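Here are a few friendly notes to read alongside the model. Take them one at a time, and keep the structure open as you go.

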Amino acid sequence: MENNSVFKEKIFNFEDRLVRFAGECIFFTRKLDKSYENEYYKNQLIRSSGSSSLNFGEAQGTISDKDFIFKVGLAAKELKESRNSLKILNYIKEGDEDIRLLLLKEVEELIAIASKMIINKK
């Protein structure tokens, strides 16, 4: 997220947004200072943001609505974990503030989309 404009480009494909979110989380964490605390939350954020994208990829290959709901539910759970890591990093004011806030806004939107997908399949 070199110039904070990456989220200004609207992407309407949910999978592509998840991939972008995971990638931007990686770019964000690469710039954090090296400390025990930052390393812990960096690792958590990278795992959970990537996992949300991977779980949604699996959801697209499901046969039943029940399986789809389960996999999208896992993606939403991982997004909520990403949000929590970002909130903690925000609370301790680690990393670029503008980027942190953009990531927090994006993760909220992604959670809302995943939740709506689940509701629509029920």
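1. Start with helix H1 (residues 14–30) and helix H3 (residues 65–91): in this predicted model, their axes come within 13 Å and cross at roughly 30°. Two packed helices are described by just these kinds of values, the angle between their axes and the distance between the axes.

2. How do H1 and H3 run relative to each other? Angles under 35 degrees count as roughly parallel, and the crossing angle here is roughly 30°, so H1 and H3 are roughly parallel to each other. The handedness of the H1 and H3 crossing is left-handed.

3. Now look at the side chains where the two helices meet. From H1, the contact uses Leu 18, Phe 21 and Phe 28, while H3 brings Leu 79, Ser 82, Leu 86 and Leu 89. Sorted by class, the contact of H1 with H3 has six nonpolar residues, one polar residue and no charged ones.

4. Next, follow the chain into the loop between H3 and helix H4 (97–121), where you will find Lys 93. Lys 93 is not a glycine, yet its phi is positive, at about 60°. Is Lys 93 buried or exposed? Its relative accessible area is 64%, and since exposed means over 50%, Lys 93 is exposed.

5. Finish in helix H4, at Leu 101. With a relative accessible area of 41%, Leu 101 is partly exposed.

Key
Residues numbered from 1 in each chain as written. Predicted model: local features only at pLDDT ≥ 70, side-chain atom pairs only at ≥ 80, totals over all residues. Heavy atoms only, no water. Axes fitted to C-alpha atoms, helices over the stretch in contact; angles between N-to-C directions. Helix = DSSP H or I, 4+ residues; strand = E, 2+ residues; numbered from the N terminus. Parallel < 35°, antiparallel > 145°, perpendicular 65-115°, else oblique. Left-handed = near helix turned anticlockwise from the far one by under 90°. Contact = heavy atoms within 4.5 Å. Nonpolar A, V, L, I, M, F, W, Y, C, P; charged D, E, K, R; others polar. Buried < 20%, exposed > 50% of the residue type's maximum accessible area, 1.4 Å probe, protein only.
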